[in-house]
Amino acid sequence: MSRFEGKVAFVTGAARGQGRSHAVTLAEQGADVILFDICHDIDTNNYPLSTPQHLEEARLEVEKTGRRAVAAEVDVRDRAAVQANLQRAVEELGGLDIVVANAGICPLGEDTSVEAFCDTFDVNFVGVVNAVHSAIPHLKSGASIITIGSIAALVSDATAGGMGGGPGGDGYNLSKQFVNRYTAKLAKQLAPQSIRANVIHPTNCKTDMLLQPAMYKMFRPDLENPTLDDAMEAFPVQQSMPIPFIEPRDISSAVIYLASDESRYVTGSQITVDGGAMLRV
């Protein structure tokens, strides 16, 4: 298929997980892709982040579709680095039409620090702002901006705060709330230029962010050292449908819709891909 023939997409957090899925799916649909990822750990984040090898694998997956790819190791918290690397990539690929601001972290646990709160907010919200604001000068009428939120942005503070996530978890919830509000305001500003902005809110998603010990502990606080098997018993509690989590491709399907002309008049919207999680609120 060539739904995005002649278009260029920019994806942050593209080395693995959701981001890689979005990048490869966009390429399969005809887009050339710019892939950014930090490719090293953040000290306050208590699970491993991507590596240069992950990013190289993602770049090769895009190129296997027959599309062009430009990959760069970029920390989205660094506006100057985002701007400079994006400028080079846009010049190489000849434009920019689709932005998927996906990069995010989620350090959990009552033993996380205020620095974890700060780093999470900076990656998840400031990183979105840096990516989007760096992209806007390159966008023209018909462009689409897609931010990745979380159902954590839509539940009450009382519900989110009671999940045992500690400072890092609070930073995650707050940052996603800000992404949600920011995207709506951004859509209003860009609508006169026919540039659209929408946010996708996933539930549990089968990525490294979910499949890690601190997340298992949050879902199974009754156990001292819960395993994945233990957490699998609790994961379905979050959704109304009888599933433990969704797959990255489920979110990528929503990305494709919002990036395409099929949604040409959809802007300022929240799309939940949540297995009915919000029905429990």
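Let's start in helix α4, where Phe121 and Phe125 sit four residues apart, so about one helical turn separates them. Keep in mind that this is a predicted model. The two rings form a tilted aromatic pair, with 5.5 Å from centre to centre and 50° between the planes. Are these two side chains buried or exposed? Phe121 has a relative accessible area of 17%, so it counts as buried, and Phe125, at 14%, counts as buried too.

Phe125 has another partner. With Tyr182 it makes an edge-to-face pair, 5.9 Å centre to centre and 90° between the planes. This pair links distant parts of the chain: Phe125 belongs to helix α4 and Tyr182 to helix α6, 57 residues apart. Tyr182 is buried as well, at 13% relative accessible area. The structure as a whole holds seven aromatic pairs.

Leaving aside residues up to four places away in sequence, Ile145 touches Val99, Val132, Ile136, Leu139, Leu186, Leu190, Ile195, Arg196, Ala197 and Asn198.

Let's move on to charges. Side chains of opposite charge can pair when their charged atoms come close. Here we have 14 salt bridges. In one of them, Glu262 meets Arg3 at 3.4 Å, N to O. The partners are 259 residues apart: Glu262 lies in the loop between α9 and β7, and Arg3 in the segment before β1. Glu262 is exposed, with 54% relative accessible area, while Arg3 is partly exposed at 32%.

Next, look at Asp32 and Arg68, whose side chains meet in a salt bridge of 2.9 Å, N to O. Asp32 is in strand β2, and Arg68 is 36 residues away in the loop between α2 and β3. Elsewhere, Arg77 and Asp75 form a salt bridge of 2.7 Å, N to O, and Arg77 is partly exposed at 27%.

One more arginine deserves a look: Arg20, in helix α1. At 15% relative accessibility, Arg20 counts as buried. Not counting residues up to four places away in sequence, Arg20 touches Gly13, Ala14, Ala15, His54, Glu57, Ala58 and Glu61.

Last stop, the surface. Leu211, Leu228 and Met232 form a nonpolar patch there, with about 190 Å² of accessible area together. Leu228 is found in helix α8 and counts as partly exposed, at 32% relative accessibility.

Conventions: Residues are numbered from 1 along each chain as its sequence is written. This is a predicted model: local features need pLDDT of at least 70, side-chain atom pairs count only at pLDDT 80 or more; totals for chains, interfaces and linings use all residues. Side-chain values use heavy atoms; hydrogens and water are left out. Contact means heavy atoms within 4.5 Å. Rings of Phe, Tyr and Trp (its six-membered ring) pair if their centres lie within 6.5 Å; planes under 30 degrees apart count as stacked, over 60 as edge-to-face and the rest as tilted. Helices (H or I, at least four residues) and strands (E, at least two) are DSSP runs, numbered from the N terminus. Buried means under 20% relative accessible area, exposed over 50%, partly exposed in between (1.4 Å probe, protein chains only). Patches are made of residues with over 30% relative accessible area and no salt bridge: like charges are joined within 9 Å, nonpolar side chains (Val, Leu, Ile, Met, Phe, Trp, Tyr) within 5 Å. Accessible areas come from the Shrake-Rupley method with a 1.4 Å probe; for residues, only the protein chains shown count as cover. A salt bridge is a side-chain nitrogen of Lys or Arg within 4 Å of a carboxyl oxygen of Asp or Glu.
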